[in-house]
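Welcome, and please open your viewer for a short walk. Keep the selection tool ready as you read on.

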Amino acid sequence: MMRLLAPLALLSAVVVPVALFAAPVSIELPGDDTPFSDLGPGSPSADAVNENCRSCHSASMVMNQPKLSAPEWAAEVAKMRGTYKAPVDPADDAAIVAWLAAMSAAKRTDG
């Protein structure tokens with residue numbers, strides 16, 4: 001066991017200091033300020049999605065999500081709030097889920 005620990009200790013003594021002096025990595029994500037839009041006459045309004053979701057998600061990112069059902073979208077909204085601590089107003093859940101489900105349904109008919 002000690003034979004294994006000695007090389008690991010030596011390796012960490014060399015690798016850790018090198019990592020401390022590595023240049024910081026910077027990335028720039030593409031901007032997307034396009035708001036979510038209403039899906040058409042009789043469809044749910046995008047207002048709740050714009051008010052709650054755009055702080056983290058771009059419209060293009062959401063529009064490219066898998067086609068989910070309303071219960072699946074409800075689980076996603078709950079996950080955003082519970083797991084990721086997203087500041088989603090629970091009073092807006094029904095409106096958000098309705099818009100997301102309608103968006104998915106429109107994608108089903110579009111192809």
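Start by selecting Lys-107, which is found in helix 5 (helices are DSSP runs of H or I with at least four residues, strands runs of E with at least two, numbered from the N terminus). This is a predicted model, where local features need pLDDT of at least 70, side-chain atom pairs count only at pLDDT 80 or more, and totals for chains, interfaces and linings use all residues. Residues are numbered from 1 along each chain as its sequence is written, and side-chain values use heavy atoms, with hydrogens and water left out.

Lys-107 counts as buried because its relative accessible area is 18% (buried is under 20%, exposed over 50%, partly exposed in between, with a 1.4 Å probe and protein chains only). Now show its contacts (heavy atoms within 4.5 Å): leaving out residues up to four places away in sequence, Lys-107 touches Met-63, Asn-64, Gln-65, Pro-66 and Lys-67. From Lys-107 to Pro-66 the C-alpha distance is 9.2 Å, though 41 residues separate them in sequence.

Next, select Ser-104, also placed in helix 5, which spans residues 93–110. Is Ser-104 buried or exposed? Ser-104 is buried, because its relative accessibility is 0%. Beyond neighbours within four places in sequence, Ser-104 is in contact with Pro-66, Lys-67, Leu-68 and Trp-73.

Last, colour helix 2 (47–53), helix 3 (59–63), helix 4 (70–82) and helix 5: each supplies at least two residues to the lining of the largest pocket (a pocket is an open set of points on a 1 Å grid over the protein atoms alone, where a 1.4 Å probe fits, with protein on both sides within 12 Å along at least five of seven lines; lining residues have an atom within 4 Å of a point). Helix 4 gives the largest share of that lining, five residues.
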